[in-house]
Amino acid sequence: MKRVIMVIAMITLSTTSVFAQEGEKTGTDNRSQISLGIKVGVNLSNVYDSEGEDFVADSKLGFAIGGFLSLPLGRYFGIQPEVLFSQKGFKSTGTFLGSTYEMTRTSNFLDVPIYVSFKPVENISILFGPQFSYLMKQTDKFEGGTISATQEDEFSNDNIEKNIFGLAGGVDFNIDQIVFGLRAGWDLKNNNGDGTSDTPRYKNMWYQATIGYRF
């Protein structure tokens with residue numbers, strides 16, 4: 001996570017000077033305008049803070065789509081709320097109740113990040129803020145091993161936290177009406193409800209790349 005954030009920061013710094021020079025040449029600046037947009041992209045998600053000796057998690061690709069609203073607070077700052085359908089999850093191998101399994105978990109979330117945006121130049125927006133996520137659906141696909149349907153039901157314990165609070169941040173590159181976005185986010189709240197779930201405790205983390213259109 002730290003490496004990805006550093007990469008995003010380096011890309012932002014290197015491109016800011018380029019866009020600043022272009023802005024000076026054209027003489028245009030739309031940072032104070034309200035705008036509405038749509039976006040689509042992919043998530044690369046995983047989990048962290050896992051518990052369980054035999055629990056190993058690998059990253060998983062997912063889909064993201066939604067919209068955003070840019071509300072300027074002057075020339076350099078603003079608020080950018082977004083609403084996204086966002087697929088997260090992970091892949092895992094290990095043992096559960098004495099059975100070996102390979103599992104892919106797909107979690108469909110409704111994500112609502114509320115970013116504070118800093119716009120050093122017209123074409124760059126640096127964003128960071130809280131994110132509220134609601135778990136809409138969760139699917140576990142098991143392969144291999146001898147795990148039974150009963151054990152599958154126990155693994156997908158209903159006592160899973162559906163309302164999750166996290167943090168997210170990243171950068172938008174604005175080229176005319178096209179917006180290229182990079183994000184990194186992580187949950188601050190465990191998934192396992194009141195703590196009685198038998199599933200390994202985890203928190204989601206994800207990287208996101210999107211392309212959008214600003215109206």
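Strands, like helices, are DSSP runs numbered from the N terminus, a strand (E) having at least two residues and a helix (H or I) at least four. The structure is a predicted model, in which local features need pLDDT of at least 70 and side-chain atom pairs count only at pLDDT 80 or more, whereas totals for chains, interfaces and linings use all residues. Residues are numbered from 1 along each chain as its sequence is written, and side-chain values use heavy atoms, with hydrogens and water left out.

**View A. Ile211 in strand S9.** Ile211 lies in strand S9, and because its relative accessibility is 41%, Ile211 counts as partly exposed (buried is under 20% relative accessible area, exposed over 50%, and partly exposed in between, with a 1.4 Å probe and protein chains only).

**View B. The nonpolar surface patch.** Ile211 belongs to a nonpolar patch on the surface whose other members include Leu36, Phe63, Ile178 and Tyr213. At least two residues of this patch come from each of S1 (35-48), S3 (60-72), S8 (178-187) and S9 (203-214), and S1 contributes the most, with three.

**View C. Pairing of S6 with S7.** Strands S6 (residues 124-143) and S7 (residues 163-175) run antiparallel and are joined by eleven bridges, strands being paired if DSSP finds at least two bridges between them. Pro130 has Leu167 in S7 as its bridge partner.

**View D. The S7-S8 hairpin.** S7 and S8 run antiparallel, joined by ten bridges, and Gly166 has Asp187 in S8 as its bridge partner. The two strands form a hairpin with two residues between them, and Asp176 in the turn has a positive phi of about 55 degrees.

Note on methods:
Patches are made of residues with over 30% relative accessible area and no salt bridge: like charges are joined within 9 Å, nonpolar side chains (Val, Leu, Ile, Met, Phe, Trp, Tyr) within 5 Å. Accessible areas come from the Shrake-Rupley method with a 1.4 Å probe; for residues, only the protein chains shown count as cover. A salt bridge is a side-chain nitrogen of Lys or Arg within 4 Å of a carboxyl oxygen of Asp or Glu.
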